[in-house]
Amino acid sequence: PALARADVGVAMGITGTEVAKGAAKMVITDDNFATLVGAVEQGRVVYGNLKKVILTLFATSLDEVALLLLALVGGLPLPLAAVQILWINIVTEGTLVVNLVMDPPEGNEMRRPPVPRDDPLVDRGMLARVALMAGVAAAVAYGWFAWRVDAGVSIELVRTEVFTLVAMCQWFNVLNCRSATRSALRGDIVTNPWLLGGLALSVLLQAAVIYVPALNALFHTEPLPLGSLLTLATLASAVLWAEELRKLLVRSRAPHAPQPAA
């Protein structure tokens, strides 16, 4: 009865009775309780990575919605063509988000308090981070779009710039989402070669859409000068600096508190 009522009933696989193993949710096959430590740690890693994926998807999707709404309210043309939105949602996000699942442990998983059974995947802290990252990305993209349209730049060129700017914001945001408190500037992306490879692939594919003539016609893009890419990357990095500031404030307020994954 105790095993059945427990949140996670644990039975010994070798010395435990068949009744106990049948009632338990987890069976330790090597009869070593130290195995529980590794199982709990891995479970927390999986749960944290799942929240990172959800956070990234929300932040990188809402910024597009906000950008389009701002353009409509401002009486401007649509800043992105339909095929460009599809590219961002399928290719850009697809090469990045799924690789967050492969993020290794941060090292402090076993120093965190237990996660309550009713802990929501999307909590207030996550929503606040979504609002910050999506809001900054949308504001930067809309400001650039409105300024360039007002300057009389061709709509095809401006859309290419905004298309690239939004993609760059997503590259920075996926780095933001790897931790709620740890700086993305530590350079530990090498600990997740899947994410590093996904970023490299995403950059190459975005370059192909901009500079391959056959893809220009398909995605309504124009080649951009290298100087423009540097300017766009600088603007897109605003989402990184905004999140870095938030993380710094969190660390300064609770320097000794356990650090959550997402």
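Does Trp144 count as buried or exposed, and at what relative accessibility? At 14% relative accessibility, Trp144 counts as buried (under 20% relative accessible area; exposed is over 50%, partly exposed in between; 1.4 Å probe, protein chains only). The model is predicted: local features need pLDDT of at least 70, side-chain atom pairs count only at pLDDT 80 or more, and totals for chains, interfaces and linings use all residues. Residues are numbered from 1 along each chain as its sequence is written, and side-chain values use heavy atoms, without hydrogens or water.

**View 1. Helix 4 against helix 6.** The axes of helix 4 (residues 82–94) and helix 6 (residues 155–176) come within 11 Å and cross at roughly 25 degrees. The two helices are therefore roughly parallel (angles under 35 degrees). Helix 4 contributes Gln84, Trp87, Ile88, Thr92 and Glu93 to the contact; helix 6 contributes Arg159, Phe163, Val166, Ala167, Gln170 and Trp171 (heavy atoms within 4.5 Å).

**View 2. The Trp87–Phe219 pair.** Trp87 and Phe219 pair edge-to-face, 5.0 Å centre to centre, with 75 degrees between the planes. Ring centres pair within 6.5 Å, using the six-membered ring of Trp; planes under 30 degrees apart are stacked, over 60 edge-to-face, the rest tilted. Trp87 lies in helix 4 and Phe219 in helix 8 (residues 213–219), so the pair ties together parts 132 residues apart in sequence. Both residues are buried.

**View 3. The Trp144–Trp147 pair.** This aromatic pair is tilted: Trp144 and Trp147 sit 5.3 Å apart centre to centre, with 55 degrees between the planes. Both lie in helix 5 (residues 124–150), 3 residues apart, so about one helical turn separates them.

Definitions and conventions: Axes fitted to C-alpha atoms, helices over the stretch in contact; angles between N-to-C directions. Helix = DSSP H or I, 4+ residues; strand = E, 2+ residues; numbered from the N terminus. Parallel < 35°, antiparallel > 145°, perpendicular 65-115°, else oblique.
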